[in-house]
Amino acid sequence: MQDGSIVPRTTGTPQGGVISPILANLFLHYVFDMWMARSFPAILFERYADDIICHCRSEEEARTLWSALEVRFRACGLVLHPAKTKIVYCKDTNRRGDYPVQSFDFLGYSFRPRKAAWRGGRYGTSFLPAASPKALNVKRHPDLRDKATSSSTTAQA
C-alpha cells in the first residue's frame, strides 16, 4: 500500500510483481486464446498480456462474441473491464456507416479514421494507427512515466 502497510493477497498476483505477467499470459492463453480457437475460429484477434482486440465482420458478430466472452470469463473468475470493452467501428473510405465509437488505443497507439495518401496521388480515409496522445505526453515528460508505472491499477481482461 502507499502508506507502506502490507496487505496479504488471497487471489491474483501482485501488481508489478515479476511473475505476474508470465502467470497472466499462461492463464489467458488457456482462458482466451485456446477458447477462441475452439469457439470462434473465424475471428482473428491480437492479445498482448490482458489487452485484446478481436476483428469482427459485423456488429452482430461482435455482440455475439461479447456475450460469449462475458460467460467464458465469468466461468474462469474474470470480468471484462467495463471502460475498456467496447465495439469500435473501423470507418474508412469503404466503410461509410456511422457508429458512436470510431477509435481506440492499443499499446501506445491511437487507431482511428485518418486522411491517407494513396497510390496515384489520391487521398482517402483509412483506419490507421499513430502514437497516442497519452504515449506522446509520457515521451515529452519522462517524469510521468514513473507515475504511470508505479500507480496501482485494477486487473483487467
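**Questions on a predicted model**

Buried residues make up 20% of the 157 residues in the chain. The model is a predicted one.

Visitor: In what order do the helices and strands run from the N terminus on?

Guide: The chain contains four helices and five strands. Read from the N terminus, these elements follow the order α-β-β-α-β-β-β-α-α.

Visitor: How far apart are the closest N and O atoms of the salt bridge between Asp51 and Lys84?

Guide: Side chains of opposite charge can pair when their charged atoms come close. The structure holds five salt bridges. In the one formed by Asp51 and Lys84, the closest N and O atoms are separated by 2.7 Å.

Visitor: Which elements or loops does the pair of Asp51 and Lys84 link?

Guide: A salt bridge joins Asp51 to Lys84. The pair links distant parts of the chain, the two residues being 33 residues apart. Asp51 belongs to strand β2, and Lys84 to the loop between α2 (59–75) and β3.

Visitor: Is Asp92 buried or exposed?

Guide: Asp92 forms a salt bridge with Arg95, and the closest N and O atoms are 3.1 Å apart. Arg95 has 39% relative accessibility and therefore counts as partly exposed. Asp92 has a relative accessible area of 15%, and because the limit for burial is under 20%, Asp92 is buried.

Visitor: Of Glu61 and Arg57, which residue is exposed?

Guide: Glu61 and Arg57 form a salt bridge, with 3.7 Å between the closest N and O atoms. Glu61 has a relative accessible area of 22%, so Glu61 is partly exposed. With a relative accessible area of 61%, the exposed residue is Arg57.

Visitor: Which residues do ring pairs link into a cluster?

Guide: A pair of aromatic rings is described by the distance of the centres and the angle of the planes. The count of aromatic pairs comes to five. Ring pairs join three residues into a cluster: Phe32, Phe45 and Phe73.

Visitor: Over the face of which residue does Lys115 lie?

Guide: A charge counts as lying over a ring within 6 Å of the ring centre and within 35 degrees of the ring normal. Lys115 lies at 5.0 Å from the ring centre, over the face of Tyr123.

Visitor: What accessible area does the nonpolar patch of Ile19, Ile22, Leu23 and Leu26 have together?

Guide: One of the residues in this patch is Ile19, located in the segment before α1 (20–39). Ile19 counts as partly exposed because its relative accessibility is 45%. Ile19, Ile22, Leu23 and Leu26 form the patch on the surface, and their accessible area together is about 360 Å².

Visitor: What is the phi of Ala49?

Guide: Most residues other than glycine have a negative phi, and most peptide bonds are trans. Ala49 sits in the loop between β1 (44–48) and β2 (51–55). Its 30% relative accessibility is why Ala49 counts as partly exposed. Ala49 has a positive phi, near 55°.

Visitor: Where is Leu107 found?

Guide: Although Leu107 is not a glycine, its phi is positive, at about 55°. At 44% relative accessibility, Leu107 counts as partly exposed. Leu107 is found in the loop between β3 (104–106) and β4 (109–117).

Visitor: How many disulfides are there?

Guide: A disulfide requires two cysteine sulfur atoms within 2.5 Å. Cys76 is partly exposed, with a relative accessible area of 24%, and Cys90 likewise counts as partly exposed at 28% relative accessibility. The count of disulfides comes to zero.

Note on methods:
Residues numbered from 1 in each chain as written. Predicted model: local features only at pLDDT ≥ 70, side-chain atom pairs only at ≥ 80, totals over all residues. Heavy atoms only, no water. Phe/Tyr/Trp six-rings, centres within 6.5 Å; stacked < 30°, edge-to-face > 60°. Patch = residues over 30% accessible without salt bridge, like charges linked within 9 Å, V, L, I, M, F, W, Y side chains within 5 Å. Areas by Shrake-Rupley, 256 points an atom, 1.4 Å probe, with all protein chains shown as cover. Salt bridge = Lys/Arg side-chain N within 4 Å of Asp/Glu carboxyl O. Buried < 20%, exposed > 50% of the residue type's maximum accessible area, 1.4 Å probe, protein only.
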